[in-house]
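Subject: Structure for you to look at

Hello,

I am passing on a structure that I would like you to open beside this message. Please look through it first, and then read the notes below with the view still on your screen.

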Amino acid sequence: MSPIRVAACILVLTLAAAALSCNDTQTSSVMSRSMGPVPALGRRLFFDPILSADRRISCSSCHRPQFAFADTSAVSIGVFGRKGTRNAPSVMNVDQQPHFFWDGRAATLEQQALMPIANPMEMDLPVDLAIERLRSDSFYIHAFRSVFQRNPDSAGLATALAAFQRMLETSDTPFDEWKINDAKLNDSAKRGYALFNGKAGCVRCHFGTNFNNVEFRNIGLYDGKKLIDSGRAAITHDPRDLGKFKIGPLRNIALTAPYMHNGMFRSLREVIDYYNDPDKVVSKPVGRDVFLSQPLHLNEAEKGDLEAFLRSLTSRSLIE
Amino acid sequence: MTKFPCLLTLLLLASCSIPPAHHLLGKWNNVLRRQGVTYEFVASFKPDGSYDGVLNGKVLVSGGTYEEHGDTVNFHDPVCNISYTGQYLLKYVNDSVYFRLLSDSCTLRREGTDGVGLKYLRNK
């Protein structure tokens with residue numbers, strides 16, 4: 001091969017590598033944190049379509065880094081174009097969560113990590129087959145032996161994926177900097193925070209380090225007719241859980257539209273409008289929480305302030 | 001002769017981390033390790049009567065107020081309802097303060113406060 005062709009090949013490979021890494025650069029400061037071998041392996045797996053039946057989608061297809069590891073579709077599209085039934089939530093700031101998925105069907109990140117791989121509507125690859133694939137791949141054989149001192153197995157796969165997700169914690173937000181270091185925060189966001197804690201009453205459900213809590217609530221998006229996802233009740237078989245879903249964390253919420261379990265609200269303003277007067281959107285909800293029994297009577301300026309506060313929960317690492 | 005200024009300097013430096021005589025103003029922390037994970041909670045009691053709590057760099061509770069009355073403190077914060085009062089007995093030991101429940105109908109706050117000790121960080 002001539003020196004010119006060798007140089008051309010190197011250039012092409014360099015450009016290809018740069019192109020392949022583009023998805024990650026938008027979250028480079030989150031991703032470039034010092035990462036041990038377990039989460040580093042988890043990261044590789046998270047972005048690898050080897051874990052889907054048709055080898056076309058990876059975890060990152062629906063949990064997209066540039067959108068705080070959430071999806072921009074109301075419901076995500078799985079293998080072979082299969083349409084799911086729920087909105088893919090962000091997998092950031094999940095370290096201390098006691099439940100996973102909208103209905104809380106998984107109690108640990110490790111349990112959660114394997115479920116989408118096997119789900120026929122998502123990646124549709126039984127975990128045993130996924131492990132077979134990893135055991136046929138020289139990179140993963142070497143990586144698992146190096147990290148876990150054994151061949152690829154489901155426990156190692158779950159551990160690695162969960163470890164990667166645990167690295168995705170964010171606290172570098174204008175809001176945190178304001179509260180902790182007395183940094184400047186725009187007045188609209190400050191007013192919004194006061195509304196959040198006061199007139200709007202959001203804090204009754206959204207509190208704690210990630211602005212959610214451990215509960216499941218029915219916010220009125222179940223009517224048994226058009227809105228038929230029974231949520232938590234399908235897991236617990238308790239009729240009192242009908243229409244209840246996990247309270248969503250609010251960190252990076254400005255990047256994770258659309259919203260709610262079914263992605264029915266396209267913007268933060270639509271969410272705020274809904275909470276302001278739920279009956280205008282869903283007139284006959286079943287089992288709606290008493291917290292939402294009365295309109296909030298927020299005016300347009302107050303809605304804007306509330307939205308400004310929610311935007312202040314965005315990690316700087318995601319907006320740089 | 002040179003020992004005296006050194007001693008004075010050391011005393012001055014040491015005094016920076018000594019909490020003010022039996023009141024909460026300032027920053028306090030509590031570090032605990034559970035299942036291999038370290039958690040640091042920092043509470044900031046401010047001169048205007050407000051307080052914030054931060055867990056591992058994330059705001060945990062904010063928008064609360066506190067009122068000290070001798071050896072007791074009353075808390076109000078939005079964890080349950082801003083109008084709910086949590087009342088705790090304060091016990092100062094060396095550089096730490098311990099909270100003992102007197103009354104608090106807010107379960108979450110009660111679980112996170114009763115029996116908890118905080119170590120003084122600084123007066124800011």
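The largest nonpolar core has 53 residues, and those with the most contacts inside it are Leu24(B), Phe45(B) and Phe99(B). A nonpolar core here is a set of buried Ala, Val, Leu, Ile, Met, Phe, Trp, Tyr and Cys residues joined through side-chain atoms within 4.5 Å, where buried means under 20% relative accessible area, exposed over 50%, and partly exposed in between (1.4 Å probe, protein chains only). Apart from that core lies another, of 34 residues, and among them are Ala68(A), Phe148(A), Leu161(A) and Leu318(A).

Before going further, please keep in mind that this is a predicted model, in which local features need pLDDT of at least 70 and side-chain atom pairs count only at pLDDT 80 or more, while totals for chains, interfaces and linings use all residues. Residues are numbered from 1 along each chain as its sequence is written, chains are lettered from A and ligands numbered from 1 in the order in which they are written, and side-chain values use heavy atoms, with hydrogens and water left out.

Leaving aside neighbours within four places in sequence, Phe99(B) is in contact (heavy atoms within 4.5 Å) with several residues, including Leu24(B), Phe45(B), Tyr88(B) and Thr113(B). Thr113(B) belongs to helix H2 (residues 107–113) of chain B, helices (H or I, at least four residues) and strands (E, at least two) being DSSP runs numbered from the N terminus. Thr113(B) is buried, with a relative accessible area of 12%, and a polar atom of its side chain lies 2.7 Å from the backbone oxygen of Arg109(B).

How many disulfides does a search of the whole structure find over all chains? The search finds one, a disulfide being a pair of cysteine sulfur atoms within 2.5 Å. Cys80(B) and Cys106(B) form a disulfide, with their sulfur atoms 2.1 Å apart. Cys80(B) lies in the loop between strand E5 (72–76) and strand E6 (86–93) of chain B, and Cys106(B) in the loop between strand E7 (96–104) and H2 of chain B, so the pair ties together parts that are 26 residues apart in sequence. Cys80(B) is partly exposed, at a relative accessible area of 28%, whereas Cys106(B) is buried, at 0%.

In chain A, the sulfur of Cys202(A) is 9.2 Å from the closest cysteine sulfur, in Cys205(A), which is too far for a bond.

Best wishes

Terms used
Polar contact = N/O pair within 3.5 Å; in protein donor to acceptor, adjacent residues only side chain to side chain.
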